[in-house]
Structure formats: structure tokens, C-alpha cells
Amino acid sequence: MTQTRVITVYGRLPGATEDVGGPIRHGENPASAVVRLFRESAGVPVSVSRVREVLALTTPDLHEDRVLFDVVPAAAFPEDGDRAAESDLPKGQRFAAYGFVRDPAGRVLLTEIATGFPGAGRWHLPGGGTDVGEQPAEALLRELYEETGQQGEIVELLGVTHRRSSGLVGPEGYPMNWHAVRALYRVLVPAPSTPSVTEAAGGSTAAAAWFEPGDLAGLEVTEVVHWALSLPATGE
């Protein structure tokens, strides 16, 4: 039996014992979604303070990718301005995990997107979509090895972002209206080696390499790399 996949967001107020939330809309920012769901389910205005955890919950019929936020009371309900533009293209939604990966010397590990995939030729963070029944952190470490040949250790969850990509042609061979929700982790490779792509031919990764931080400014990188580089160095 094929499992249905759904992405949900939940939030918890300080001192509360239960989370409030539900499914995310296609194209919706996860943080905006939990604010909306508090308004609809509890009638309470909130704002997001931090991402607490991401995890997968599975049953024989369902795979749920859940993002858990800590929220705080807000003065008023925000305007609902996060609706995705209408499109007649087929819709797709996926949950993915990526790593801001460093070695003990401070080098950054990046992967080059292969021809035939959106963003081809640009440098990206290691990672990708999670499989059914797979926890996000497990998926990231699997993708890290497949794309770079490196064994990593999860240090911390840095945050969650999303991306709407309408009209891009990927390996499906036709334009789609994609919505990706992405968890970002800080990862350490304690014993780095020369990166090598080990996944089967036809994968989304063309190459992988270690870069000194000073060399990153000259690279064509994806927006998620810019996001990772903008975060505090310690994650605190």
C-alpha cells in the first residue's frame, strides 16, 4: 500500500502542554502556517520564536513530516499575505533536509547541481528529499554520504525554510509547480576526505568539493547556501 505524505506544522505557547497546528498549504511559509492555524483553531494571535524540532511520524497509511515551533503571544493577528500564486501546472510538494557542513579546519562542503536539474551548475548544500519512513536527520546523513562520500555528525537544527518554484522543468520532463519545505542542520565531518559522488549515475549531484570560507564569494550558489552563510557562526 502506498503511504500518503503530508507536511504539517505545530506550535506551542510557553507553559502549554499541547501543540496547535495542522497541514501546511501548498506554497505556504511554515512559520506563517502555524500563525494561521493558531488563528483558525484557537483564535489566538501568536508569533514564532524558534523552530523546536522536525520529525517524521509514520503509520502504515501515512507519512507525516512535522515541523514543531515555539510561539509567543502577539498583539494582533497578522495580515494573511502568504498565499501562493495560482497556477494550472501540476502541483508537487516535498520535505527535504540539508546540511551546512564543515570540517574541523572550518572548510565548507558544497555540491554542484547536475545538468537536467533546476539550478544546474550552481553550488548547493548537501542534502535532499526524505524517503517515506525516514527521519530528516537520517535522510541528511544518507544524502551527505551519497553525494560527497563523507561521514557526518549532526550538531544542531538551524531552522526551516521553504521555496516555491513554478514552471521549472526537472527530471519529470515537464513543468511543475513545486513547493519544498527544507530543514537545515549544522553538520560536522570529523575526518574529512576528498569528496566523491557515490550515488548512482543520473543523480542530481555532478560534483562535490571542500571550500575555504574566503572562496565562497566567487561561487554561483543557491539561495539556501546564502541563507546558511547568513546564520550566526555558533548557532546560538
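**Entry 1. Ground rules.** I worked from a predicted model in which local features need pLDDT of at least 70 and side-chain atom pairs count only at pLDDT 80 or more, whereas totals for chains, interfaces and linings use all residues. I numbered residues from 1 along each chain as its sequence is written, and side-chain values use heavy atoms, with hydrogens and water left out.

Entry 2. I took helices (H or I, at least four residues) and strands (E, at least two) as DSSP runs, numbered from the N terminus. Strands count as paired if DSSP finds at least two bridges between them. I looked up strand E3 (residues 46-58) and strand E4 (residues 62-73), and found them antiparallel and joined by eleven bridges. Three residues lie between E3 and E4, and the two strands form a hairpin. Across this pairing, Arg50 stands opposite Asp70 in E4.

**Entry 3. Salt bridges.** I counted a salt bridge where a side-chain nitrogen of Lys or Arg is within 4 Å of a carboxyl oxygen of Asp or Glu. The structure holds 17 of them. For exposure I used relative accessible area: buried is under 20%, exposed is over 50%, and partly exposed is in between (1.4 Å probe, protein chains only).

I then looked at Glu156 and Arg186, whose closest N and O atoms are 2.8 Å apart in a salt bridge. Glu156 lies in strand E9 (residues 153-169) and Arg186 in strand E10 (residues 175-188), so this pair ties together parts that are 30 residues apart in sequence. Arg186 is buried, at a relative accessible area of 10%.

Next I looked up the salt bridge between Arg163 and Glu223, with closest N and O atoms 3.4 Å apart. Arg163 lies in strand E9 and Glu223 in helix H3 (residues 223-230), so the pair ties together parts that are 60 residues apart in sequence. Arg163 is partly exposed at 34%, and Glu223 is partly exposed at 29%.

I also noted a network in which salt bridges that share partners join Arg12, Asp19, Arg50, Arg52 and Asp70. Within it, Asp19 and Arg12 meet through their side chains at 2.9 Å, N to O. Asp19 is partly exposed at 25% relative accessibility, and Arg12 is partly exposed at 27%.

**Entry 4. Nonpolar cores.** I defined a nonpolar core as a set of buried Ala, Val, Leu, Ile, Met, Phe, Trp, Tyr and Cys residues joined through side-chain atoms within 4.5 Å. Which residues touch the most other members of the largest core? They are Val54 and Val67, in a core of 27 residues. Elements that each supply at least two residues include strand E1 (4-12), strand E5 (91-102), E3, E4 and E10. Helix H1 gives the most, with five residues.

With contact taken as heavy atoms within 4.5 Å, and residues up to four places away in sequence not counted, Val67 touches Thr8, Val9, Tyr10, Val51, Glu53, Val54, Phe95 and Val160. A second, separate core has 16 residues, among them Leu110, Trp123, Leu125 and Phe211.

**Entry 5. Helix H2.** I noted the buried residues of H2 as Pro136, Ala139, Leu140, Glu143, Leu144, Glu147 and Thr148. They cover an arc of only 140° around the axis, which puts them on the same side of H2; the arc is that of the directions from the helix axis to the C-beta atoms. An α-helix has 3.6 residues a turn, so residues three or four places apart point the same way. After H2 comes Gly149, whose phi is positive, near 75°.
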